[in-house]
Amino acid sequence: MGRNKDFSVLLTCLIESPCLSFYLIYGKSINFINNLVMDELDVREIHAKSGNMAETDQECSHGKTENADLEQSNRANFDEKKGGIKTMPFILANDMCERFAMLGFSKNMVNYLTIQLHMPITKAANTVTNFNGTASLTPLLGAFVADSYAGRFWTITLASTIYLLGMISLTLSATLPHLRPPQCEGNQVCVEADGRQLTVLYLSLLLAALGSGGIRPCVVAFGADQFIEEDPRQPKKTWVYFNWYYFALGVAILSASTILVYIQDNVGWGWGLGIPTITMALSIIVFLIGYSLYRHLDPAGSPYTRVLQVIVAAFRKRKAPTLISDSNLLYSNQELDASISKDGMLHHTEKLKCLDKAAIVTEDDNLKSFEKPNLWRLNTVHRVEELKTVIRLLPIGAAGILYATADAQQSTFSIQQANTMDKHLAKSNFQIPSASMSIFSTSSMLITIALYDRLFVPIARKFTGLDRGITYLHRMAIGLFISILSTLVAGFIEVKRKDVASANGLIDTTKAIIPISVFWLVPQYSLHGIAEAFKSIGHLEFFYDQAPESMRSTATALYWTAVAAGNYTSTLLVTLVHKFTHWLPNKSLNTGKLEYFYWLITCLQVLNFIYYLVCAKFYTFKSLHCQKREEHEHGDLNGEEMEL
């Protein structure tokens, strides 16, 4: 009876706390977004007095202003009545619910697979990382649909619906007895899930991964779209937006890792999956209600098609002269590129000159005035530079792969470690669920974000003169270094755990609880949370800021692609280590050498850190033809010309 009462209280808290947490975040967000809005209004008032706002803002390389029709179209896209702070509850609520549902399950999935479906430890770990990898790979598909055809709003809506179907199927698989194997008691031999039961599980996970793929790359860019100013002189403080975006997600993760995981472990998986399913359904309704408030930017055509056109055109002209003395001789067409260059035309760069051949005009092109060229033979400089920009992003993006591999251990082997340790809180009877240990990672991330925004940035700004304090390349470097410390410490903690097990004669006891507090794991979780506050936000901001403006959803998808590759790398490492060593046994971690596995990842991260520093040193920042007046007056390029 008491347990039911406790559950009713928990259920009430779970339903209310995400909402309360969101509005707390929303209230905090009002301050910084309102500053952005007021700055925008002040700038517009100044320009209204000068009598000429749009035409004096930019000095483009060809000395031409956009035609009146295009200016009118751009102003329509940024209607003052659309977007802004009022859209944030609808947009962030959708993403928070997606993360609440996704992480509420994935954080505890390894326990569901081993305890409910009776999978071996290594198979369960690989299933978790494969699912996380697929969910992080599908954003490439979602970004393609958003940028090419549907736009971000409808892509988010469709993806959320697919995600909801996956959650419904997953809830049914955890609720209906014939969709899971029978429970086993004591030393009874457990029966693994059969093919039909696994099929339902994998189908549910696939739907959830597909839905997540449409939400993740679009919500970030769609939220940022609501604050894109018409005035190109006004700096876009995206670093502030991304800080608070990640902070809001952290609150959702914290809710999922505590109350939801507790319900799954102590009440049942039916309720544990049913609650986020209902929450996801409500978030779709809320997101649709805000339709009339959003700024909707039309898709600019498939970025993948443009990239392919440049490659094909360059290949077809591979015998053309490699060196062009004057870049002005390369083909340029502002009218053709108007829809994909509203922030300005990309500068021609001297690197990757082989791609410049796509913009060389030859007799075979049959180019006529006022006619659109065959883009499979001839492309503009801007489109060539789009491809160059994306290529330059890839080496930096790849540095996030091994970080994601280290991150994957937080939801697999770290939880298995916690399962063997004393989980009592002080001397009380309350036991913290193993999967809830991630609250220390999330909490340290949230605290770090707050301190970074309120304390670190103002201090750093005095030394660097940058509005964001330090560049995102520096921020990523700090995060990658701290991640190295996290896995290094994790190995030493595992040594301590097994020493206690050996001292108490529990090495060969599979299901015994070792008399060592689970809070010994706090350092490795906390260090990882601090690393995430630096690396993940810096990485996401890097992709958004440095990507061509028409490829920002795709660029966000590249961030998730690195996460996907990291999870698949984890699967590969676990498989190889399990096959060729005895470090990762199937039945009990006590008889293995998990610390060696952690230190292997540490060594790989050290090599990755060196690789990243080299890539960052030689990275060329994106540069536009249309310059901001502040850049000429104050010499501040807002990070676009900074080097690490």
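Gln197 is buried, with a relative accessible area of 8%. Buried here means under 20% relative accessible area, so Gln197 qualifies. The model is predicted. Gln197 has its place in helix 8.

What does Gln197 touch, not counting residues up to four places away in sequence? Its contacts are His178, Leu179, Arg180 and Pro181. Leu117 is 80 residues from Gln197 in sequence. In space, the two C-alpha atoms are 8.9 Å apart.

## Helix 8 meets helix 18

Helix 8 covers residues 195–225, and helix 18 covers residues 552–580. Their axes come within 8 Å. They cross at roughly 130°. That angle makes helix 8 oblique to helix 18. The crossing is right-handed.

Which residues make the contact? Helix 8 supplies Arg216, Pro217, Val220 and Ala221. Helix 18 supplies Ser553, Thr556, Ala557 and Trp560. By type, the residues of this contact divide into five nonpolar, two polar and one charged. An α-helix has 3.6 residues a turn, so residues three or four places apart point the same way.

## The protein as a whole

The protein has 644 residues, and buried ones make up 55% of them. Its secondary structure comes to 20 helices and two strands. The accessible surface is about 27700 Å². Carbon and sulfur atoms account for 63% of that surface.

## Helix 13, mostly covered

Helix 13 runs over residues 400–408. How many of its nine residues are buried? Seven are, and the helix is mostly covered. The buried ones are Gly400, Leu402, Tyr403, Ala404, Thr405, Ala406 and Ala408.

Gln409 lies in the loop between helix 13 and helix 14. Is Gln409 buried or exposed? Gln409 is buried, with a relative accessible area of 1%. Not counting residues up to four places away in sequence, Gln409 touches Ser414, Ser570, Phe597, Tyr598 and Ile601. Thr487 is 78 residues from Gln409 along the chain. The C-alpha atoms of the pair are separated by 9.1 Å.

Gln416 sits in helix 14, which spans residues 413–419. Gln416 is buried, with a relative accessible area of 8%. Leaving aside its neighbours within four places in sequence, Gln416 is in contact with Val110, Asn111, Thr114, Ile121 and Leu589.

## Thr510, partly exposed

Thr510 is found in the loop between helix 16 and strand 2 (514–517). Its relative accessible area is 43%, which means that Thr510 is partly exposed.

Where are its contacts, leaving aside neighbours within four places in sequence? Thr510 is in contact with Lys587 and Ser588. Leu589 is 79 residues from Thr510 in sequence, with a C-alpha to C-alpha separation of 8.5 Å.

## Two positive phi angles

His118 has a positive phi of about 60°, although His118 is not a glycine. It is found in the loop between helix 5 (109–116) and helix 6. His118 is buried, with a relative accessible area of 8%.

Leu352 is not a glycine, yet its phi is positive at about 55°. Where does Leu352 lie? Leu352 lies in the loop between helix 11 (303–316) and helix 12. Its relative accessible area is 35%, so Leu352 is partly exposed.

Methods
Residues are numbered from 1 along each chain as its sequence is written. This is a predicted model: local features need pLDDT of at least 70, side-chain atom pairs count only at pLDDT 80 or more; totals for chains, interfaces and linings use all residues. Side-chain values use heavy atoms; hydrogens and water are left out. Axes are lines fitted to C-alpha atoms, for helices over the stretch in contact, and angles run from 0 to 180 degrees between N-to-C directions. Helices (H or I, at least four residues) and strands (E, at least two) are DSSP runs, numbered from the N terminus. Angles under 35 degrees count as roughly parallel, over 145 as roughly antiparallel, 65 to 115 as roughly perpendicular and the rest as oblique. A crossing is left-handed if the near helix is turned anticlockwise from the far one by less than a right angle, and right-handed if clockwise. Contact means heavy atoms within 4.5 Å. Ala, Val, Leu, Ile, Met, Phe, Trp, Tyr, Cys and Pro count as nonpolar, Asp, Glu, Lys and Arg as charged, and the others, Gly among them, as polar. Buried means under 20% relative accessible area, exposed over 50%, partly exposed in between (1.4 Å probe, protein chains only). Accessible areas come from the Shrake-Rupley method with a 1.4 Å probe; for residues, only the protein chains shown count as cover.
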